[in-house]
Amino acid sequence: MSAIRSWPVRRNKRAGGESHQGLVQSADWKRPSVRWGLGGTHAALLVLLVIGGLGPILWLAKAAITPTQDTLSNPMALFPHGTALSNISDAWNQVDIGLYIWNTVVIAFGSWLCQIVVATTGAFALSVLKPKWGRVITALLLTTLFVPSVVLLVPLYLEVVHPPLINHSFINSYWAIWLPAGASAFNVVIMKRFFDNLPREIFEAARIDGAGPFRLFVSIVLPMSKPILGVISIFAVLASWKDFLWPLLVLSDPSKQPVSVRLPTIFGQTELGVFLAAMLIACLVPIVGFLIFQRSFLRGTGLSGALKG
Amino acid sequence: MASICFDGVSKVYSDGTCAVDELDLEIREGEFMVFVGPSGCGKTTALRMVAGLEEISGGRVVIGDREVNDISPKDRDIAMVFQNYALYPHMTVAANLAFGLKLRQLSKEEINRRVQEAAAALDLEDYLERKPKALSGGQRQRVALGRAIVREPAAFLMDEPLSNLDAALRVQTRGEILKLQKRLGTTTIYVTHDQVEAMTMGDRIAVMRKGVLQQLGTPQELYTHPANIFVASFIGSPAMNLVPAATIGIDRDGLLAGFRPEHVDVGYPADGAFGFQAVVELVEYLGDERLAHVRLDERLLTAKLPADQTLESGTSMTFTVPSSAVLLFDAETGLALDEGARRAPSTSQA
């Protein structure tokens with residue numbers, strides 16, 4: 001009898017009707033205890049995640065346009081007593097947060113470019129061109145992942161002060177950040193893994209069509225690698241945006257420092273409301289950037305149709 | 001259009017596996033040559049060596065009058081159609097077709113002309129702006145063919161291009177490829193493991209096994225005069241019946257007798273025919289004929305009989321084969337005996 005009853009539910013699911021993919025079946029969702037119990041848990045988790053994730057940003061947004069005294073006297077108040085929109089303009093004009101954000105953008109862009117160039121060309125050489133000692137080079141790359149980054153600080157600093165072959169220090173130059181950022185074994189390894197999984201027949205077809213290594217790289221491999229380029233771009237930009245220690249070490253000139261270095265420096269010299277407004281502006285840039293590009297970052301591999309599935 | 005010559009070509013991998021063993025073969029200008037054999041026989045490796053996608057361990061590959069051993073794939077003037085289409089997924093159909101032409105720096109007008117011609121020939125005109133993911137399997141395979149055609153190469157290399165299509169589409173596309181090849185007259189090497197495809201398409205067929213060329217000939221030659229037991233059993237469906245010669249009444253040791261299922265008939269052998277008694281195990285009705293699976297000693301034989309032939313499973317019956325249809329093979333070497341060495345028909349029965 002129960003088998004007969006369950007039949008219409010299954011048919012509805014197959015016909016594209018109500019469908020719950022997961023451990024709980026459609027039929028179970030119709031039971032009040034499951035509906036209310038699991039539904040309530042879902043809602044509670046969602047509220048907790050929103051409070052935990054969005055809460056600090058929303059608080060920062062509120063505090064950025066709240067008078068400093070109000071924030072100090074009652075920091076957790078939901079509604080401010082009056083607004084201070086001048087905090088935003090003061091942050092922009094007095095703190096010169098625009099300059100530091102621009103510095104950060106320049107640093108992030110350069111780091112991103114260096115990382116993309118090194119990761120794609122390195123992975124292409126190891127995965128597609130397959131040099132004679134490719135396996136040894138890959139193994140050496142992997143071993144560098146086990147070296148803690150803190151251990152590399154001093155040798156890297158010495159390298160930047162006295163770069164090989166060039167008798168010119170990179171200190172107080174963005175190259176001091178861009179070049180070390182490019183030397184990321186992690187990026188090369190994950191890019192190589194992605195290239196390894198691209199269909200070889202397509203490369204062979206391109207070679208027969210007349211593509212040399214450069215054309216194969218530019219016209220075939222890179223366009224097919226948008227998803228992994230997106231992933232590496234996110235990692236590169238976020239890491240560069242958040243980086244504090246290395247820019248502090250190599251960029252002593254305040255006019256060249258990124259926002260991550262300048263904000264802690266100006267904390268003691270600036271009114272709290274203006275400082276929080278500066279922080280809000282600094283946070284908004286990556287958030288807006290992610291919202292704009294999230295679809296391309298999270299898109300699928302885009303290889304459908306290339307091969308018989 | 002160019003001839004292709006394999007001159008003692010070998011391929012040995014670093015682990016010692018010999019994929020192709022001293023292959024000697026000449027494909028004439030404009031010929032449709034089929035490489036056929038079971039998986040791992042070296043047919044695809046041989047094709048890839050012509051394309052330049054596999055290094056040649058020994059021997060020479062000559063396209064036209066050029067040895068191409070050390071010439072890169074793009075300079076060999078060949079085009080290849082892959083089993084899995086290998087289309088560029090980020091490009092439209094038109095861009096897929098034009099890619100190779102752009103790399104050869106042809107003028108825009110010439111590229112457009114060739115793309116339009118290929119699209120018209122393959123019925124792809126309505127899909128030129130679509131990407132491969134928006135096409136069916138048959139359409140994708142036509143794009144892959146189109147990519148080869150637009151190049152107007154000296155030779156087409158096709159690596160099991162129909163194996164991913166369903167049965168009906170395969171038959172249709174088979175005809176289209178044949179018509180196209182005849183119209184263009186381009187030398188073609190076609191690799192398949194499907195002997196029906198090989199028989200219906202090839203001007204000549206090269207049967208391969210374990211890297212060694214077993215026989216080269218027209219479909220009819222291969223069917224009527226197989227060089228050895230392997231070719232005899234590989235070509236033809238159902239396969240040729242192979243039994244010890246003595247079991248059908250041939251008084252010579254160390255020989256196998258081979259005969260096609262369609263040459264077997266029910267009844268006592270007349271003059272100039274062999275006969276044997278066997279138990280009918282299974283009868284398959286195919287509409288216009290019946291396939292009878294009969295047991296002779298420990299061997300299962302097949303007989304293709306008229307649809308109105310009465311047969312009953314489990315009964316013992318006498319079958320006859322005309323002596324002209326019986327081929328003799330050396331049981332030890334597996335090689336076919338020369339015509340002159342065949343034994344005169346015997347009237348004795350097994």
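Reader: How many residues does the contact take from chain B and from chain A?

Author: Chain B gives 26 residues and chain A gives 21 residues. Contact here means C-beta atoms, placed from the backbone, within 7 Å. This is a predicted model: local features need pLDDT of at least 70, side-chain atom pairs count only at pLDDT 80 or more, and totals for chains, interfaces and linings use all residues. Residues are numbered from 1 along each chain as its sequence is written, with chains lettered from A and ligands numbered from 1 in the order in which they are written.

Reader: Which elements of chain B each supply at least two residues of the side that touches chain A?

Author: β6 (78-81), α2 (93-103) and α4 (137-150) of chain B do. Helices (H or I, at least four residues) and strands (E, at least two) are DSSP runs, numbered from the N terminus.

Reader: How do I read two packed helices?

Author: Use the angle between their axes and the distance between the axes. In chain A, the axes of α6 (residues 97-129) and α15 (residues 259-266) come within 8 Å and cross at roughly 145°. Axes are lines fitted to C-alpha atoms, for helices over the stretch in contact; angles run from 0 to 180 degrees between N-to-C directions.

Reader: Which residues meet there?

Author: From α6(A), A:Ile97, A:Tyr100, A:Ile101 and A:Thr104. They meet A:Val259, A:Ser260 and A:Arg262 in α15(A).

Reader: What helices and strands does chain B have?

Author: Chain B has eight helices and 18 strands. Its C-alpha trace spans about 75 × 45 × 35 Å along its principal axes.

Definitions and conventions
Contact = placed C-beta atoms within 7 Å.
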